[in-house]
Amino acid sequence: MAFSQSVIRSQAPAKCGICETDRPIKWKCIDCSKLLCNHCKEKVHPQFQNAKEHQVVNIKDVGQSTIVELNISKQYQTELSAVGYMSYCHDDSLWISYSRDKVLYVIQRVKPEGTKLNILSSFNIKVYDMAVTQSSNLLISTDGMKLKQISGNTGTLTDSVYNVSPLFPTAVHITSDNKVLVAGCNKDRKVIILMNQNGDHERVYEHDQHKQPILTNPRRITSTSNGNIHVVDRVPVSGDRWRVVVLGQDGDIINIYTGDKEINKDKQFYPTDIVTTPRDNVIVADPVTSTLHILNNIGLLMTYYKTSDINIIFPMSLAFSPTGQLYIGCGRAAGSTTKNAKIYELTISGC
């Protein structure tokens, strides 16, 4: 049985959600989901509508000491060299994907049976991200300007109603109220688009209050019940840097998480997947350090868990079942002699 260390450390740069200066963050308004400096807490926030009814708490009270426990229930051998993408289906099957070599890309629908995975269907298609809808259809961000869809009933592959033209979809996520968030990119624009089930665009997240681009290369998305959107974003400057950008419902940047100074002291933060827990926290997979970074719903680090402590190496993809079981899909670390990747089913508590 392994436990994480309880850590609460600062990450950069968390700025005041009102003035966006470098003043120290001291407070958080629970109702506004904004971090506040002393000045804005005392002088600006009280002018907000119904501010007297808002709950403002010390930022020290937002992240309490957290102990997370993971226990492996089962493990499954796949036929893939790595499980880079994984989504849970309502019939207890899993969609998994990764490129087998430089040419072939494969998506498999697999059903755990005992300690084995029974392959139900397989498709050769390039995958940038994927997500399962409430009606059990699999949405795939791939080449082209529309998301592809594999029907959960017929297994047919078609175009979906989710079109981001003139952009190309790079990430997709289904929210708790069954709307679709899609990251769309081209040379000039990087956006997050919120769509309803008909494919209508309800909101586009692109610029901050200063009309500057929010994102540089969005790769994965999740959301929390307070409406915050957490985006894994690649920053291609001076060698790739990675971060998790947290957006509020109004599109303002609430926080940017760039890894932990101890965890990533020797190895750069390299998030490959992000998922929301049943308790509305966020887990980020960091395979290079074999670590799960556990953030609260405004993107502040609560604690971390070293999966290597339970012999799970290179965790790449994450998924939760409706009953709260965590699935971790792995890759192969440099120098590994393992031919095919594994998926682990775990019980998780504490987050």
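The second largest pocket of this predicted model is lined by 19 residues, and those nearest its centre are Tyr 85, Val 127, Tyr 128, Arg 219 and Arg 220. A pocket here is an open set of points on a 1 Å grid over the protein atoms alone, with protein on both sides within 12 Å along at least five of seven lines, and lining residues have an atom within 4 Å of a point. In this predicted model, local features need pLDDT of at least 70 and side-chain atom pairs count only at pLDDT 80 or more, while totals for chains, interfaces and linings use all residues. Residues are numbered from 1 along each chain as its sequence is written, and side-chain values use heavy atoms, leaving out hydrogens and water.

**Second largest pocket**

- The space in the second largest pocket is about 510 Å³, a volume being the space filled by probe spheres set on the grid points.
- Strand E7 (94-99) and E18 each contribute at least two lining residues, and the largest share, three residues, comes from E7; strands are DSSP runs (E, at least two residues) numbered from the N terminus.
- Its lining has eleven nonpolar, five polar and three charged residues, where Asp, Glu, Lys and Arg count as charged, Ala, Val, Leu, Ile, Met, Phe, Trp, Tyr, Cys and Pro as nonpolar, and the others, Gly among them, as polar.

**Largest pocket**

- The largest pocket has a volume of about 940 Å³.
- Among the 36 residues lining the largest pocket, His 173, Ile 174, Val 275, Thr 276 and Phe 320 are the closest to its centre.
- At least two lining residues come from each of strand E6 (85-88), E10, strand E14 (168-174), strand E18 (218-223), strand E22 (273-276) and E26.
- By class, the lining comprises 16 nonpolar, 16 polar and four charged residues.

**Ala 319**

- Ala 319 belongs to strand E26 (residues 315-320).
- The relative accessible area of Ala 319 is 5%, so the residue is buried (under 20% relative accessible area, with a 1.4 Å probe and protein chains only).
- Leaving aside residues up to four places away in sequence, Ala 319 touches Met 86, Tyr 88, Gln 325, Leu 326 and Tyr 327 (contact means heavy atoms within 4.5 Å).
- Ile 274 is 45 residues from Ala 319 in sequence, and their C-alpha atoms are 8.8 Å apart.

**An antiparallel sheet**

- An open sheet is formed by four strands in the order E10-E11-E12-E13, with antiparallel pairing; two strands pair if DSSP finds at least two bridges between them.
- Strand E10 (129-132) and strand E13 (157-163) are the edge strands, each pairing on one side only.
- Strand E12 (residues 146-150) is joined to E13 by four bridges, and Lys 148 has Asp 159 in E13 as its bridge partner.

Key:
Buried < 20%, exposed > 50% of the residue type's maximum accessible area, 1.4 Å probe, protein only. 1 Å grid on protein atoms, 1.4 Å probe; cavity = no way out; pocket = protein on both sides within 12 Å on 5 of 7 lines; lining within 4 Å.
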